[in-house]
Amino acid sequence: MVTNTKLIHHHYSPPKGFKAPQEPTYQASTVIFPSVSAMRSTEWKNKSGYTYGLHGTPTTFTLEERLASIEGALHCQLVPSGLAAIALVNLSLLKSGDEVLLPSNAYGPSTALAQGELARYGISHKVYDPLSLNDLAQKISPQTRLVWLEAPGSVTMEFPDLLALAALCKERGVTSALDNTWGAGIAFNAFDLNGKGLGVDLTIQALTKYASGGGDVLMGCICTRNPALDDHIKLTHMRLGLGVGAADVQAVLRSLPSMALRYKAQDASARFLANALTTQSVVAQVLHPSLKACPGHEHWQACCVRSKLKANGHEEGGYEEGGYEEAGYAGGGFEGNAASIFSVIFKPEFSQAQVDKFCESLQYFKIGYSWGGPMSLVVPYDLETIRPQHSQHTGLARGRLVRLCIGLEDCADLLVDLKRSIQTAFH
Ligand SMILES: Cc1ncc(COP(=O)(O)O)c(C=O)c1O
C-alpha cells in the first residue's frame, strides 16, 4: 500500500558514475545531515559543506565557481538580480556615517538606492564625473568607503579610464566596485587591467543579461579576489536571506557555454548597425564606445582593444584576439570587444512624438528594458531627466535619445527595420 511515509522516504538513489553534459540540479531548502555532530560541525562559510539551501547547494556552488573563473576572480556570490548585487555590496561594506561615490552616468536604480535606502541608513553619497580622474581625486574624502565604477556608463555610454580610476582608489585606500555587466567577464579582465594584477576590488554583474541570454531569468553575482571582502559579502548575504531559485541557476548554467559566442555575435551586429546609423541624416550622434565620437573612446581602446590581456581567454585556452574572424565567424572584422548596446541621439529639431513614433514603428526591436537576450530592444530616454547635468556632460550632442540593444536576429533585417522606421517617423 502507498503511504505518505513511503512516498517521502523512498530508497532510490541515482547510480554512481552517471555522466551527462549538464550537471544535475539540486533543489533544496532543507539539507539532510547524517548525524547531529555533522550538523553541528558543517561549515558553510568557506563553501566546503552544505547546511541549508539559502547557504548554497552543489548547483549554486557550481555556477559561482564558473562565474568566478570567467570573471578572473576567486570568490563569487549569487543573488536574485543585478540590482540586488549592487544593494548587497553597499549594505555589506557601508555603515552609518560612511560615504559612497557614484559615477554621474551610473545605472539609474543604483543612484536611486543611494538617494533612498542608503540615505535613510545615514550613508551619504556624492556623484563624480567618470571622465575626470581629478574630479574623483577631489571627491574622495576621509568618509569615503566605496567607489562605484561603470564601464561604460549606462545609456550615455561614456567609457572611463578604468585603470586610472582603479589605481586612484587603491592609492587612497578606498574599495572600488565595478558594475561589470557590460564587460561580462569577456571584454576585459576587471581584476587585472594592466597585466600586473592591478584592477578593481569587486565586480557585480547582472546575469540577467548575457549569462542568462534568454531574457527570461533575473539573477546577479558579486565577484572578488579578496577573501576579507568575500567574507563580509557572504555574511550580509546570509543575514539578508538572498536566495536564488535552483531552476534559474540551472537556466544560467545551460546558457553559460554559449555566452562568449553570443557576446561576440551580438557585438558584431551592434557595431555594424551603430556604424550604419552614423550616416543617417536625422542622427546627431551615435554613442557606442568603439566610435570616435563617443566620449571615452580612447579609454575603450586601451581597455578592450590595445590591451590583449583577456586573461581568462588566454589562461583557459579561450579565443585569441581575432580568432573568431579567422575562424570565418559571421560579422567579424572588428577589433576588441564591446557589448551589444548603444544609444542614438536624434537631431534636436525632431520632437519627442517623432522619436516615440520611431520606437513604435520598429518591427523587430521590441519596446522593453534589459539587454543581452535574443530579441532586439528599444527604449527612449529623456536626457534631461537621466542626466540633469547634461549641459556639462561634454561630448554629448543635444537632441532626443534612444537606446538600442541588439539581439541575435540577422543584422541585415535589423538595418532594414531601423531605416524604415526612420523614414516613417522623421521624413
Ligand atoms: C548596468 C546594469 N547594472 C545592473 C542592472 C540590474 O540588473 P537586474 O535587472 O538583474 O536587476 C542593469 C539592468 O538593466 C544594468 O543595465
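Contact here means heavy atoms within 4.5 Å. The model is predicted.

**His297 and its surroundings**

By that criterion, His297 touches Pro289, Ser290, Leu291 and Lys292, leaving aside its neighbours within four places in sequence. His297 sits in helix H11, which covers residues 297–306. Its relative accessibility is 10%, so His297 counts as buried. The cut-off for that class is under 20%.

**Two domains**

The chain divides into domain 1 (24–256) and domain 2 (258–311 + 336–426). Their C-alpha centres lie 26 Å apart. Across the boundary, 37 residues of domain 1 are in contact with 38 residues of domain 2. About 3,100 Å² is buried between domain 1 and domain 2. Carbon and sulfur atoms give 64% of that area. What is the count of salt bridges between domain 1 and domain 2? It is zero.

**Salt bridges**

The structure as a whole holds twelve salt bridges.

| Pair | Closest N to O distance | Location |
|---|---|---|
| Lys139 and Asp135 | 3.2 Å | helix H6 (residues 133–139) |
| Asp230 and Lys234 | 3.0 Å | helix H8 (residues 227–240) |

Glu99 has a relative accessible area of 7%, so Glu99 is buried. Lys126 stands at 29% and therefore counts as partly exposed.

Now the pair in helix H6. Lys139 and Asp135 are four residues apart, about one turn of the helix. Is Asp135 buried or exposed? Asp135 is buried, because its relative accessible area is 17% and the class requires under 20%. Lys139, at 24%, counts as partly exposed.

In helix H8, Asp230 and Lys234 are separated by about one helical turn, because they are four residues apart in that helix. Asp230 counts as buried at 5% relative accessibility. Lys234 also counts as buried, at 8%.

Salt bridges also form a network. Which residues are linked in it? They are Lys95, Asp98 and Arg145.

Val2, Leu7 and Ile8 make a nonpolar surface patch of about 340 Å². Ile8 belongs to helix H1, which covers residues 4–8. Ile8 has a relative accessible area of 60%, so Ile8 is exposed. The cut-off for exposed is over 50%.

**Arg398 in a loop**

Where is Arg398 found? Arg398 is in the loop between helix H15 (383–386) and strand E12 (400–405). Its relative accessibility is 45%, so Arg398 counts as partly exposed. In sequence, Arg398 and Glu349 are 49 residues apart. In space, the C-alpha to C-alpha distance between Arg398 and Glu349 is 9.8 Å.

Methods: Residues numbered from 1 in each chain as written. Predicted model: local features only at pLDDT ≥ 70, side-chain atom pairs only at ≥ 80, totals over all residues. Heavy atoms only, no water. Patch = residues over 30% accessible without salt bridge, like charges linked within 9 Å, V, L, I, M, F, W, Y side chains within 5 Å. Areas by Shrake-Rupley, 256 points an atom, 1.4 Å probe, with all protein chains shown as cover. Salt bridge = Lys/Arg side-chain N within 4 Å of Asp/Glu carboxyl O. Helix = DSSP H or I, 4+ residues; strand = E, 2+ residues; numbered from the N terminus. Buried < 20%, exposed > 50% of the residue type's maximum accessible area, 1.4 Å probe, protein only. Domains from an automatic or database assignment. Buried area = accessible area lost by both parts, 1.4 Å probe.
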